[in-house]
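Subject: Structure for you to look at

Hello,

Here is the structure I said I would pass on. My notes on what was found in it follow below.

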Amino acid sequence: MGVTFGEFELDVDARELRAGTSCVRLQEQPFVILQLLLERRGQVVTREELRQRLWPAGTFVDFEHSLNAAVKRLRAALADDADAPRFIETIPRRGYRFVATEDEAEPSPRADGRHRIRIAVLPFSELGDGFQPGYFGHAFTDEMISQLGCRCRGRLGVISSHSSMAFRNATVRAQDIGAALRADYLLEGSIRHSGGRVRITARLVETASETHLWVDTYEEPLTDWLAAQTDIAARIARSLAMELDADEPALSRGTSDPVAHQSYLKARYHWQRIADSGAADALYFFRDAATRDPQFAGAHAGVAIIEAMRATYYHEVPRPALERARLSAERALELDATVADAHFAVGEVRRMLLWDFRGARDAYSRAIALNSSFESARGGYARLLASIGNFGHAVREAELAHELDPRCLTANTITAWVRYLAGDYDAAIDLCRHTLEMDDSHLGARQLLGTALLAAGSRKEALRVLEAGAPAADPHPTTVAVLAYARAVVGDCATSADLLGRLERSASERYVPPYYLAVAYAALGQIDAAFEALRKACDHRDPAVTNVAVDPRLAPLRDDARYAALLRDMGLHDFHRRAPHPDADAVTHSNLAGA
């Protein structure tokens with residue numbers, strides 16, 4: 001008999017707790033507690049009832065300590081937080097209650113109103129021989145962020161390395177960095193690598209007073225690199241504040257192969273580069289790490305994440321890349337179900353390849369539960385929520401991702417996209433402009449800015465923005481398609497058709513995402529061509545097609561029976577939102593057809 005909740009299934013007969021295809025290790029007493037709580041879902045199970053079930057009459061134990069320890073082990077297995085529970089709620093002086101229904105697996109922001117401490121890990125300076133300049137300090141920063149996020153989940157907000165890297169080698173006061181990143185503390189230091197040993201000096205600084213609260217130095221053989229990282233994260237967590245009281249989490253096993261670990265760090269460095277600019281290098285090094293240590297779950301998860309990124313940025317037909325991502329993600333989970341990256345990769349695969357939106361929600365939720373500062377997982381979760389019309393929750397998750405990584409172009413653009421789908425065009429425009437101020441070449445932000453300006457009625461400005469991003473020599477196919485859409489919206493159907501013709505002719509040389517073609521054909525009133533492109537987008541598993549139920553640009557298709565059939569095929573028929581056309585007053589089927 002199996003009982004499902006969130007991403008888990010409790011098999012009472014087999015005495016197993018499973019998360020997807022992986023078994024989660026759970027001792028007998030926590031198992032019995034979970035079984036009893038699930039049997040009385042939503043009801044309070046008293047401590048006395050648990051005592052009678054776990055320790056029959058005549059058994060002599062330190063009941064209070066033993067029960068607390070068993071509940072703590074259960075929460076660790078479920079990646080649950082006592083302060084913001086997804087599953088197990090403590091009822092003071094009485095007992096516990098299982099609070100999630102079968103449909104409630106979504107992690108939520110903390111609701112108690114307390115300020116959550118925020119820390120920024122600045123890039124550690126690299127000293128001595130043995131470094132390839134640039135990558136090692138960045139990679140160590142990223143690994144430290146991951147360790148801190150896992151160890152202090154729910155209690156500590158850790159700023160992403162995208163944002164902290166902006167202050168690499170900067171001669172800026174701690175107070176100013178704290179203000180820019182809204183960080184209470186900074187972790188800074190140096191790494192010296194020489195003769196097969198590594199020496200790490202770390203300093204914890206309070207930004208408001210610019211006071212050094214804690215300084216320590218670690219020296220280890222390079223083979224103990226992961227142990228040193230874990231130790232530093234624990235020391236910092238204990239030094240923040242008495243009330244932090246961070247639990248000891250189930251940390252991932254990593255690798256004992258120093259060469260594999262260095263490849264892994266290099267891969268993470270390239271992953272964090274702008275947009276997809278580091279995808280090829282990241283994939284190479286993640287694969288190298290997985291080849292050197294086939295049991296290294298984090299490396300397999302990294303391969304899956306980058307393959308999914310390649311699909312999202314249309315490096316090839318998306319479906320094969322997503323199929324490869326699926327295999328790597330499943331392998332990572334088989335090896336270690338405590339790796340947050342693996343659950344994030346599973347979420348991406350379920351959302352874009354399998355159209356398993358409930359399963360994707362569970363996977364993103366699990367990744368966030370394991371590391372509440374994992375901004376990429378929150379961004380993916382925000383996209384999922386927006387695609388099924390849960391805009392309020394999507395905005396909250398996107399803003400949390402943005403808060404964790406305020407200088408990340410991708411996080412900014414995801415937040416803008418969610419706002420656009422929610423109909424908040426002004427907010428989307430402001431966010432896109434902010435992104436382009438940081439990097440004027442960011443394609444996604446420019447395309448979305450033009451689209452949002454069209455929806456807001458600023459047609460001339462929209463065309464200026466989009467044409468500025470479409471250079472005469474070899475523009476990206478999505479840029480051309482968005483410009484074709486804009487030209488159709490303003491009534492210049494001849495130019496729009498010409499642009500689409502160019503894209504169709506270039507498809508033999510470069511992948512042209514069919515979803516973008518469908519959007520432009522819909523604006524032109526070429527409904528049959530739009531549905532043909534959407535069907536191809538489904539066959540190719542174009543990641544953008546997951547927005548089909550909520551994208552306002554597809555309003556001209558919604559009264560066609562083929563639209564409802566498409567939503568049924570994708571499992572999105574329950575999420576259809578009949579949004580208005582983004583420029584309904586100016587664009588109708590009749591005037592497009594007659595243009």
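Helix α20 (residues 477–489) packs against helix α21 (residues 493–506) at an angle of about 160°, and their axes are 7 Å apart. Angles over 145 degrees count as roughly antiparallel, so that is the term for α20 and α21. Their crossing is left-handed. On the α20 side the contact is made by P477, V480, A481, L483, A484, R487 and A488, and on the α21 side by C493, T495, S496, L499, L500 and L503. Sorted by class, the contact of α20 with α21 has 10 nonpolar, 2 polar and 1 charged residues. Please keep in mind throughout that this is a predicted model.

In passing α14, α13 makes a left-handed crossing. From α13, the residues F357, A360, R361, Y364, S365, A367 and I368 meet A377, R378, G380, Y381 and L384 of α14. The residues of this contact divide into 8 nonpolar, 2 polar and 2 charged.

Next, the aromatic residues. The structure holds 15 aromatic pairs. One of them joins F8 and F87: the ring centres are 5.9 Å apart and the planes stand at 75°, so this pair is edge-to-face. F8 belongs to strand β2 (residues 8–11), while F87 sits in the loop between α3 (63–78) and β6 (88–91), so the pair ties together parts that are 79 residues apart in sequence. Both F8 and F87 are buried. W417 and Y420 make another aromatic pair, this one stacked, with 5.6 Å from centre to centre and 25° between the planes. W417 and Y420 are 3 residues apart in helix α16 (residues 409–421), which means about one helical turn separates them.

How buried are these two residues? Buried means under 20% relative accessible area, so W417 qualifies at 18%. Y420 has a relative accessibility of 0% and therefore counts as buried.

Returning to F8 and F87, these residues form one aromatic cluster together with F5 and F98.

W417 comes up again in the surroundings of N547. That asparagine lies in the loop between α23 (527–540) and α24 (561–570). With a relative accessibility of 9%, N547 counts as buried. Leaving aside residues up to four places away in sequence, N547 touches S387, W417, L421 and Y515.

Some totals for the chain, in case you need them. There are 25 helices and 13 strands. The chain has 595 residues, of which 57% count as buried. Taking contacts between residues at least 6 apart in sequence, 62% join residues at least 24 apart.

If you open the model, the places to look at are the contact of α20 with α21, the contact of α13 with α14, the cluster of F5, F8, F87 and F98, and the residues that N547 touches.

Regards

Notes:
Residues are numbered from 1 along each chain as its sequence is written. This is a predicted model: local features need pLDDT of at least 70, side-chain atom pairs count only at pLDDT 80 or more; totals for chains, interfaces and linings use all residues. Side-chain values use heavy atoms; hydrogens and water are left out. A crossing is left-handed if the near helix is turned anticlockwise from the far one by less than a right angle, and right-handed if clockwise. Helices (H or I, at least four residues) and strands (E, at least two) are DSSP runs, numbered from the N terminus. Contact means heavy atoms within 4.5 Å. Ala, Val, Leu, Ile, Met, Phe, Trp, Tyr, Cys and Pro count as nonpolar, Asp, Glu, Lys and Arg as charged, and the others, Gly among them, as polar. Axes are lines fitted to C-alpha atoms, for helices over the stretch in contact, and angles run from 0 to 180 degrees between N-to-C directions. Angles under 35 degrees count as roughly parallel, over 145 as roughly antiparallel, 65 to 115 as roughly perpendicular and the rest as oblique. Rings of Phe, Tyr and Trp (its six-membered ring) pair if their centres lie within 6.5 Å; planes under 30 degrees apart count as stacked, over 60 as edge-to-face and the rest as tilted. Buried means under 20% relative accessible area, exposed over 50%, partly exposed in between (1.4 Å probe, protein chains only).
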